[in-house]
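Subject: Structure handover

Hello,

Please find the structure below, followed by notes on what was found in it.

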Amino acid sequence: MSDLLLKVENVGIQFGGLKAVSGLNMEMHAGELIGLIGPNGAGKTTSFNMLTGVYKPTEGTIIFNGKKTNNMSPHQVTKSGVSRTFQNIRLFKDLSVLDNVKVANHSLAHHSVISSIFRLPSYFSGETKMEQESIEFLKIFGLDPYMNELAKNLPYGMQRRLEIARALAAKPKLLLLDEPAAGMNPQETQDLMGLIALIREKFDLTILLIEHDMGLVMGICERIYVLDHGQLIAEGKPEEIRNNKKVIEAYLGEEVTE
Amino acid sequence: MKKSKIFWIYIAVALVVYAIVELLIVNGQLDMYYSNLFITIAINIILAVSLHLVIGITGQFSIGHAGFLAVGAYISAIFTTNLGFPFPVALIIGAIVAAVAGLIVGIPTLRLKGDYLAIATLGFAEIIRIIFLNIDYVGGAAGMQVDYLTTWTYAFFGVLITIIVIANFTNSRHGRACIAVREDEIAADAMGINTTYYKVLAFAIGSFFAGLAGGLFAHNFFIIQPSQFGFLKSFDILIYVVLGGLGSLSGAVIAAILLTVISLYLQDFPETRMIIYSLVLIIVMLYRPSGLMGTKEITDFFKFNKKAKGGKVNE
Amino acid sequence: MEWLQQLINGISLGSIYALIALGYTMVYGIIKLINFAHGDVFMIGAFIGFFAISRWDLGFFPALLLAMVVCALLGVFIERVAYKRLRNATRIAALITAIGVSLLIEYTTIFFRGAQPEAYPNVVSSKTFQFLGAQISMQSIMILSVSIVLMLILQFIVHKTKIGKAMRAVSYDVEAARLMGINVDNTISVTFAIGSALAGAAGVIFGVYYTKIDPLMGIIPGVKAFVAAVLGGIGIIPGAVAGGMVLGVVETIVSALGFSSWRDAAAFIILILILIFRPSGIFGKNTREKV
């Protein structure tokens with residue numbers, strides 16, 4: 001097995017008196033594609049927020065690539081190599097498709113504020129490099145024909161893809177996808193699965209995926225973690241998860257109460 | 001390369017405008033009244049564009065811009081009138097001190113959002129004003145005598161530098177980072193943008209130019225008083241930015257010009273002026289909240305070929 | 001007993017801030033708008049009281065009542081004409097509109113009657129009492145008792161009446177309240193009416209106590225009342241009262257220590273400290289943005 005990329009040890013968070021997540025343990029090795037599933041309100045997105053620095057865990061440690069990231073702010077976590085998409089799309093709506101990607105490409109170039117203001121040579125070389133690379137990312141997702149459109153004018157499926165393109169442009173080692181197929185039809189979901197496989201190969205990515213679409217999760221993930229009521233209830237290969245009693249209960253229980 | 005060509009065309013046009021006005025002033029076709037109008041327009045453009053960077057680009061709702069105007073005004077006036085420094089040096093010192101004030105105000109307050117940020121900046125601006133009110137060295141409430149040094153040349157080049165710096169900043173990776181903060185702070189942070197840094201940076205740059213405007217403003221009258229830098233002044237500047245269209249530099253410039261001219265014509269009827277101002281503000285917010293220009297720039301109307309250029313890449 | 005004296009002066013000032021702050025906090029609690037025009041409603045209240053007493057020879061209480069009624073109507077009018085359309089607008093648009101309405105009220109008043117101040121007629125006896133060595137004027141007692149009565153009435157309305165229940169529901173969740181059959185528009189209007197009536201009352205009390213009123217008098221107390229509301233935790237009614245009292249006392253102490261020209265700065269420094277260290281205010285709970 002390849003090197004350990006992410007180690008989550010006993011991580012938990014409280015909001016007021018409420019324990020949203022507790023005792024979370026996860027390990028991810030470079031190159032893995034792992035699913036994180038669980039009923040609504042199980043704490044999946046909260047876990048993502050802790051992994052990306054949006055929330056600070058109140059207990060436990062998160063070690064990414066040998067560094068403790070617990071107390072880093074989100075942009076520091078991103079710079080250390082973790083990037084994400086959002087469950088409810090959070091694009092920069094009034095920026096063009098190209099500029100959305102360029103924002104994430106921010107750290108690629110190093111021209112300073114002074115260089116930008118006085119238009120020194122490093123400004124031109126830096127901006128050109130950013131533009132070319134951003135267009136490359138758009139091409140992978142078939143979004144390059146729309147690069148001058150405003151992000152808010154794209155159809156829903158494309159917005160989802162643009163979010164992934166943008167996350168990739170931040171040069172992650174670990175990519176976190178929060179329900180990437182939400183709201184997509186089966187055909188679009190199918191295409192998305194292909195795309196995820198493709199970028200994983202091409203960029204040597206490790207991917208953690210939250211998803212409700214069981215077909216998608218079971219189909220592409222190598223291992224799956226299951227959360228319920230803020231706690232890890234199961235972990236294993238898709239077929240193990242499929243037959244796990246606790247998992248079935250958690251999901252059936254949910255259906256009964258709904 | 002084409003972009004820089006367009007840039008030089010704008011510079012050339014601006015210089016021609018400058019030369020014509022300067023010539024008219026030198027030849028006496030424009031009397032004090034009109035030369036003063038041009039200088040006032042220039043000062044207001046600087047204020048509008050500097051606040052545009054903070055509100056329109058970075059999305060940080062500051063309504064205390066007059067505080068930094070006051071800092072620039074008083075500091076530069078102290079350096080010319082009391083310490084005998086040359087005017088351009090005093091202008092730069094005033095701007096730098098205003099930028100420092102911007103940092104001092106910005107670092108604690110910019111973690112606040114929306115309404116709370118607005119009120120905090122308003123509070124800071126008032127504190128700055130009250131500080132000047134209580135310093136006898138600058139004359140307290142009675143005000144401070146200032147030499148009349150501002151000329152059309154200073155004012156024009158002040159505007160030119162402000163616009164170039166802020167436009168160049170906006171069109172770089174740093175400006176995009178600021179816009180990303182405006183659009184969605186959480187997403188910007190998640191994309192590796194140090195949002196605090198960019199908010200404070202934009203605020204400091206905005207304060208720097210407000211301070212520059214303050215220096216020009218102070219030396220365009222014979223006296224400055226703390227009462228000139230109250231809420232109303234901050235609201236005046238805010239109105240330029242909002243009316244021009246949040247996010248549009250040219251909108252801010254156009255609004256500053258229009259409103260300065262209108263208020264000059266209404267200067268004998270100050271109440272009427274304020275009634276018209278406030279009605280315009282309310283009506284624009286109710287029926288066209290994006291302002292005159294939205295987030296568009298006036299140059300966008302001349303750039304129909306840009307889309308075509310973008311389209312070609314993927315062919 | 002110099003300190004007791006200052007404390008009493010502070011509480012008198014504080015109760016005026018508290019009355020204005022109540023309107024701010026109620027409106028903010030229900031539609032998340034900083035109603036900048038609220039200070040100007042206070043000013044209008046002061047002028048209505050002035051005209052009622054000096055021109056129409058009304059007594060203090062009828063004048064107070066009249067000012068409250070007129071201000072309530074004005075508040076509802078402002079809400080219906082300007083703010084109602086802004087329910088779904090951006091916060092910036094709403095705040096700027098409120099600033100516009102504020103300027104409009106101020107300068108329309110100046111347009112019609114000029115900017116000169118007016119001396120408030122003396123309607124309350126200026127008798128003073130000795131209490132533990134402090135001078136307590138009849139006016140202080142009256143201010144305090146009127147304020148307390150109004151706050152009790154407000155507390156009763158909010159917690160014991162149907163409309164109060166509706167107000168609390170709307171401030172908690174507008175959509176859910178609408179689905180439960182609450183008439184949201186009317187509830188918001190009632191909130192404005194009550195808040196504005198309190199500001200009107202504060203205006204009359206201010207006039208009686210400080211004896212000088214002018215068309216721009218609402219700006220500073222308006223902003224300070226907002227500070228009081230933030231201090232107590234915006235949207236929380238007892239918080240506004242406590243915040244107003246604290247602010248009034250602090251300002252009085254700052255003046256008493258000989259820094260009267262820094263008095264206004266004190267309020268803003270409190271505001272900034274509160275916003276930075278405890279933005280939810282003394283009584284508020286922290287909330288976080290949902291990701």
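Domain bounds here come from an automatic or database domain assignment. For chain B that assignment gives domain 1 (1–30) and domain 2 (31–310), and the centres of these two domains, taken over C-alpha atoms, are 23 Å apart.

This is a predicted model, in which local features need pLDDT of at least 70 and side-chain atom pairs count only at pLDDT 80 or more, while totals for chains, interfaces and linings use all residues. Residues are numbered from 1 along each chain as its sequence is written, and chains are lettered from A and ligands numbered from 1 in the order in which they are written.

Chain B, domains

Two residues are in contact if their C-beta atoms, placed from the backbone, lie within 7 Å. On that basis, 6 residues of domain 1 of chain B are in contact with 8 residues of domain 2 of chain B. The domain 1 side of this contact has 5 nonpolar residues, no polar ones and 1 charged. In these classes Ala, Val, Leu, Ile, Met, Phe, Trp, Tyr, Cys and Pro are nonpolar, Asp, Glu, Lys and Arg are charged, and the others, Gly among them, are polar.

Chain B, a helix pair

Helices (H or I, at least four residues) and strands (E, at least two) are DSSP runs, numbered from the N terminus. In chain B, the axes of helix α3 (residues 65–82) and helix α9 (residues 195–218) come within 6 Å and cross at roughly 55°. Axes are lines fitted to C-alpha atoms, for helices over the stretch in contact, with angles running from 0 to 180 degrees between N-to-C directions. α3(B) and α9(B) are therefore oblique to each other; angles under 35 degrees count as roughly parallel, over 145 as roughly antiparallel, 65 to 115 as roughly perpendicular and the rest as oblique. Among the residues that make the contact are B:Phe68, B:Leu69 and B:Gly72 of α3(B), and B:Gly211, B:Leu212 and B:Phe217 of α9(B). By class, the contact of α3(B) with α9(B) has 11 nonpolar, 7 polar and no charged residues.

Chain A

Chain A has 10 helices and 10 strands. Its C-alpha atoms fill a box of roughly 65 × 40 × 40 Å along the principal axes.

Chain A is divided into domain 1 (1–81 + 172–258) and domain 2 (93–169), with 27 Å between their centres. Here 10 residues of domain 1 of chain A touch 8 residues of domain 2 of chain A. On the domain 1 side, β7 (174–178) and α7 (186–203) of chain A are the elements that give two or more residues, and α7(A) gives the most, with 3.

Between chains

28 residues of chain B are in contact with 36 residues of chain A. The largest share of the chain B side, 7 residues, comes from α7(B). That side divides into 13 nonpolar, 9 polar and 6 charged residues.

The contact of chain C with chain B takes 34 residues from chain C and 32 residues from chain B. α4(C) supplies the largest share of the chain C side, 15 residues.

Regards
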